[in-house]
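Hi,

Here is the structure I promised to pass on.

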Amino acid sequence: MRRIIAVLLENESGALSRVVGLFSQRAYNIESLTVSPTNDKTLSRMTITTDVVNHAELEQMMKQLHKLVDVLRVTELTQSAHVERELLLVKVRTVGSEAREEVKRTCDIYRGQIVDITQNLYTIQLTGVGSKLDAFVATISDASEIVEVVRSGVCGIARGDKALRG
Amino acid sequence: MEMLSGAEMVVRSLQDEGIEHIFGYPGGSVLDIYDAIFQSDKIEHYLVRHEQAAVHMADAYSRATGKVGCVLVTAGPGATNCITGIATAYMDSIPLVVLSGQVPTFWIGDDAFQETDMIGVSRPIVKHSFSCRTAEEIPMAIKKAFYIASTGRPGPVVIELPKDVQNPLNKFPYEYPENISLRSYNPTLSGHKGQIKRAVAALVNARKPVLYVGGGAIIANASKQVLELAEKLNLPVTNTLMGLGAFPGEHKQFIGMLGMHGTYEANNSMHNADLIFSCGARFDDRVTNNVDKFCPNAKIMHIDIDPTSISKNIHADLPIVGSVEVVLQQMLDLIEETQATNDSESINAWWDQINEWRAKDCLAYKTSDTHIKPQQVIQCLYKVTKGDAIVTSDVGQHQMVAAQYYPFKEPRQWINSGGAGTMGFGLPAAMGCKIAFPDRPVVCVTGDGSIQMNIQELSTCMQYNIPLVILLLNNRSLGMVKQWQKMFYGGRQSHSYMDSVPDFVKLSEAYNHIGIKVDKIEELEPALIRAFELKDRVVFIDVAIDPEEHVYPMQIKSGSMEDMYLSKTEKTDA
Ligand SMILES: Cc1ncc(C[n+]2csc(CCOP(=O)(O)OP(=O)(O)O)c2C)c(N)n1
Ligand SMILES: [Mg+2]
């Protein structure tokens with residue numbers, strides 16, 4: 001089961017390594033992890049996507065996270081309405097104007113943006129859920145040669161009134 | 001405001017925290033702190049012979065007193081020598097503050113002399129850690145460290161102190177924080193009201209209940225509540241290895257330790273119970289045996305201050321997060337208020353069943369004309385000390401025999417490394433206890449393998465005149481390893497012999513202690529009497545015991561709790 005865990009924690013040195021250490025120490029799986037300070041600079045917000053075998057494992061994982069002294073709040077996002085987004089930057093090589101057109105068209109369809117151009121290289125930016133990014137990468141690789149791919153990992157937030165605050 | 005250097009702040013903060021004893025070993029990166037200690041008349045420092053022992057001493061000091069143990073060591077090897085000690089304390093939830101030196105901040109990351117990333121190395125085995133990058137941070141870091149170490153589920157906290165931060169030439173205003181609160185850390189103490197109600201209902205309705213009491217009850221000082229609840233409802237009580245003493249070992253409702261080397265009656269009661277009420281015990285694999293076969297008919301009720309311990313190994317039908325002491329008191333108050341009682345008829349029937357299991361007398365053993373049995377040694381120790389000694393132990397057969405044959409009366413009387421099973425714990429642990437309670441008899445029950453893992457501390461005992469009794473159950477082998485090899489490896493004793501054990505009497509004498517060798521059972525009691533009469537000397541009694549003796553009962557691997565070997569020739573029918 002894929003699950004998204006949002007964590008609010010003290011923005012202190014060592015906090016990230018404690019979270020990462022916890023996952024490896026307890027043999028939990030991390031598919032992606034993003035972290036950054038929030039508008040309150042003393043706090044960091046982390047989004048972890050993980051694959052758990054059952055609810056008990058998820059619950060144990062969340063309790064273990066909460067047990068870390070630096071951690072203020074832990075919540076799971078997929079159990080209710082939420083928004084998740086990932087950023088993709090991909091650099092592709094194109095030769096010939098026809099290929100270039102194809103890249104541009106694909107980009108438009110997916111609502112991506114071309115953020116850098118050299119003679120043979122396009123750098124494209126795209127946000128969305130993971131499956132959309134996967135589909136884009138597959139499509140674009142037909143029209144061009146992929147040189148480099150970087151993905152941010154998932155950021156998530158609950159819809160509606162729910163909020164994770166300090 | 002008073003102006004102090006970083007080094008002075010460390011010592012003053014410890015003083016202001018009420019620390020009287022500290023265990024440690026100096027080195028380049030903590031010389032400024034040692035200089036400040038030299039000038040303090042409030043803190044007594046004990047110089048060990050190996051840093052691991054300093055941590056075990058502080059750990060046992062804490063186990064015996066309930067206070068936080070404190071350690072001071074230098075960077076690099078001084079710090080890494082503490083790792084086994086810290087892991088030992090972590091596994092048993094013992095509050096410690098370990099202060100370690102570090103290279104100056106401007107060298108961190110440069111592989112400087114004696115630079116080890118102690119924060120990183122210790123991370124998986126600490127409750128939390130701090131690295132002070134300025135002197136002004138020191139008082140708050142120390143305050144937080146003691147608070148975090150001692151509250152909630154206790155555990156070790158490491159503070160790293162780079163050398164430049166301690167600099168005696170730079171003075172800063174000093175004030176020790178009075179109160180502290182951390183927005184990200186608020187342990188729950190009292191139980192949820194609804195859960196308390198449900199717990200009382202489940203408990204009084206149970207027909208075959210068992211109170212399963214662990215180390216958490218000792219840490220929470222909940223023995224009084226455990227006793228009151230057990231007596232009020234006439235409940236059978238079993239203690240884990242870590243819980244021994246939480247309920248009096250000679251009480252008629254005590255059914256013995258449970259688990260791998262638990263009694264026949266305790267393991268059978270668990271297996272056949274309809275309600276298991278865990279008070280500060282964490283369903284460790286050394287207790288449950290095969291979790292898939294664990295107590296098939298029991299409803300599980302579990303109090304624990306650490307939510308992660310609940311439903312980790314065994315699903316709890318009725319979880320209660322909170323301190324064992326507070327939650328049990330809440331339950332007792334509710335029982336009092338509602339005059340709740342259980343059905344004495346079904347409880348009596350349950351006791352009839354338990355007494356049948358008890359009649360098996362699973363701890364009976366055969367004596368021999370030629371060999372001293374380890375069980376006899378512990379029983380004799382009990383007799384001579386009238387059951388009043390603080391007993392520390394190492395790890396192995398001798399540990400299990402001590403746990404089985406010395407019925408502990410009180411909490412904090414049995415000091416052993418249960419979670420980590422650290423050989424070498426016993427001697428420094430006994431020293432820590434004796435320093436905490438100079439007027440109480442303290443004995444270290446040890447093995448010929450274990451004692452050699454921290455034997456150098458005999459020198460520390462000599463320096464500070466820490467008079468304790470070392471009772472060595474000498475089987476000339478790594479007995480517990482040998483037992484497994486005999487039982488499960490076709491008798492192939494791969495490296496479990498101690499081909500050359502030293503002459504422990506001479507060794508003790510070399511450290512100016514008294515050594516006594518006991519080869520015959522008649523010599524044992526006089527030796528023990530003499531040892532406890534000599535109140536100002538370390539007495540090392542080396543008892544030659546039967547090297548072929550095994551520890552029984554012993555649970556059968558992958559079986560349920562009731563599946564046990566009862567002797568070399570007898571086992572329960574599965
Ligand atoms: C530091 C450490 N190393 C290894 C072990 C594994 N181990 C458990 S019991 C044991 C044998 C202990 O021998 P001894 O101290 O003589 O006790 P006995 O079992 O003979 O009573 C060993 C090697 C351990 N628990 N701790
Ligand atoms: Mg031995």
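Let's start with the metal site: along the chain, the donors of the magnesium ion (ligand 2) follow the spacing D-x26-N-x1-S. Those protein donors are B:Asp448 (OD), B:Asn475 (OD1) and B:Ser477 (O), and they lie 2.1 to 2.2 Å from the ion. Donors here are N, O and S atoms within 2.8 Å of the metal (3.2 Å for Na, K and Ca), and water is not among the atoms, so sites may look incomplete. B:Asn475 and B:Ser477 are both buried, where buried means under 20% relative accessible area, exposed over 50% and partly exposed in between (1.4 Å probe, protein chains only).

Some housekeeping before the rest. This is a predicted model, in which local features need pLDDT of at least 70 and side-chain atom pairs count only at pLDDT 80 or more, while totals for chains, interfaces and linings use all residues. Residues are numbered from 1 along each chain as its sequence is written, chains are lettered from A and ligands numbered from 1 in the order in which they are written, and side-chain values use heavy atoms, with hydrogens and water left out.

Staying with chain B, the axes of α1(B) (residues 6-16) and α2(B) (residues 31-38) come within 8 Å and cross at roughly 50 degrees. That angle makes α1(B) oblique to α2(B); angles under 35 degrees count as roughly parallel, over 145 as roughly antiparallel, 65 to 115 as roughly perpendicular and the rest as oblique. Axes are lines fitted to C-alpha atoms, for helices over the stretch in contact, with angles running from 0 to 180 degrees between N-to-C directions. From α1(B), the contact (heavy atoms within 4.5 Å) uses B:Ala7, B:Glu8, B:Val10 and B:Val11, and from α2(B) it uses B:Asp32, B:Ile33, B:Ala36 and B:Ile37. Helices (H or I, at least four residues) and strands (E, at least two) are DSSP runs, numbered from the N terminus.

Now chain A. In α1(A) (residues 15-25), the buried residues are A:Ala15, A:Arg18, A:Val19, A:Gly21, A:Leu22 and A:Phe23. Their cover includes β1 (2-10), β3 (43-51) and α2 (55-67) of chain A, together with β6 (128-131) of chain B. Just after α1(A), A:Ala27 has a positive phi of about 55 degrees.

A:Gly166 is exposed, with a relative accessible area of 61%. Leaving aside residues up to four places away in sequence, A:Gly166 touches A:Leu8, A:Leu43, A:Leu72 and A:Arg73.

Cheers
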